[in-house]
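Me: I am new to this structure and would like to learn how to read a few of its features, one at a time. Could we go through them slowly?

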Amino acid sequence: MMKILHVINSLSSGGAERLVTDLMRKMNNDDYELETLIFSNKADVYSKGLIADGYVVHKLADVSIYNLLFVVPKLIIFFRKHNYDIIHVHLFPGMYYISLLKRFHCIKCPIIFHEHNTSNGRLEKPMFRLIDRFVYKPYKKIICISEAVSQMLTSVYHLSSDKICTIQNGIDLDRCKQARPVMRKVINKNLSKDDILIIMVARFNKQKDHLTLLNALARMPNKFKLALLGEGEREEELREMVSEQNLSKRVFFCGYKSNVYDYIKSSDVFVLSSFFEGFGLSCIEAMACGIPVVISNVPGLADVVGFASEKFEVGDIDGLIESIYKLIFNKDIYKEKVLMGLKQARLYSEDKMISDLGRLYKYVVNEGESNNK
């Protein structure tokens, strides 16, 4: 049995966090034993459920994940006590810590990194780009969630092709199919069946650009309503904006929902307005639920969704409104996008993702054993 440790900042409501949670539940079997190490349980939505169901989740400490002088010694102690066949890392700054420990031989097994985005704040700073190239080097493999992510790594960091592999995210297609829409009164007591409900499922952070969607809604008729599912550091700012624009009766903050597919199926249109996006898993889920999708035209997201969506340019409020209207006021286009979306979603099955990941794990371990002979 192969023992795998996933390392991630936390198990909050983000896409990478949900991926780790799904892998924990789906890949723990006779072939693999998965555990997860988190740096913090702040805004946690997944770890309690995993622990209650018997899965192993280690928490480092209640301290800032950027506290280098505290985190690194704690990690050294942790890896002296625990042995793994592979360490699978997600997100910054965990990628820095594990790379550092590998360089100083505090970690003996192979390490791999999962790159979830086509952009980040470090890309804008030449010094950080140099540091990142240094950080990537100890990783045996870099997993990219889309071809756009792979292209970014090769063009910006000049990583060799044998170091990079693409494993696209996958979803549970059966769960999407079996989901049943929640009653609209559950979302908000004043929401009627005649209202046109837009939904967005995303963390409340700068990347997702909720502001463009809110500004678009303010210019649309009152029958257009918006449900926001998610949590994050910009929630209060967004709530203030909703109040300032007199949208309080039209925008519903629903928080994190474990039955997200049921909420998606209650909507008329799904929107993801991100500044950048490595994949856009929630869009695939919406399409699998039979809901047409409107997205910002950014690499990764646009490639994954393909022609099954309506697109607008980043930050283009008028373009977003036009894309939504095109779906809502043209039944033929609406039906066409629904059918195209259902077909596109079938390309991203969870079973294929898990199979590809399992093959990668075996390759990395076998290569490591060959190098040690």
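Me: With which side chain does the side chain of serine 12 make a polar contact?

Reply: A polar contact is a pair of N or O atoms within 3.5 Å; within protein, one must be able to donate a hydrogen and the other to accept it, and residues adjacent in sequence count only if both atoms are side-chain atoms. Here the side chain of serine 12 makes such a contact with the side chain of serine 10, at 3.4 Å. This is a predicted model, in which local features need pLDDT of at least 70 and side-chain atom pairs count only at pLDDT 80 or more, while totals for chains, interfaces and linings use all residues. Residues are numbered from 1 along each chain as its sequence is written, and side-chain values use heavy atoms, leaving out hydrogens and water.

Me: Where is serine 12 found, and is serine 12 buried or exposed?

Reply: Helices (H or I, at least four residues) and strands (E, at least two) are DSSP runs, numbered from the N terminus. Serine 12 is found in the loop between strand S1 (2-8) and helix H1 (15-27). Buried means under 20% relative accessible area, exposed over 50%, and partly exposed in between, with a 1.4 Å probe and protein chains only. With a relative accessible area of 5%, serine 12 is buried. Contact means heavy atoms within 4.5 Å, and, not counting residues up to four places away in sequence, the residues that serine 12 touches include Glu17, Lys42, Asp44 and Arg203.

Me: How many residues of H4 are buried, and what covers them?

Reply: Helix H4 is mostly covered, as eight of its 10 residues are buried, among them Tyr96, Tyr97 and Leu101. The cover over the buried residues of H4 includes S1, helix H3 (68-81), strand S4 (86-90), strand S5 (111-115) and H5.

Me: At what angle do H4 and H5 pack?

Reply: Axes are lines fitted to C-alpha atoms, for helices over the stretch in contact, and angles run from 0 to 180 degrees between N-to-C directions. Helix H4 (residues 94-103) and helix H5 (residues 126-136) pack at about 55°, with their axes 9 Å apart. That makes H4 oblique to H5, since angles under 35 degrees count as roughly parallel, over 145 as roughly antiparallel, 65 to 115 as roughly perpendicular and the rest as oblique. The contact is made by Met95, Tyr96, Ser99 and Arg103 of H4, together with residues of H5 including Phe128 and Asp132.
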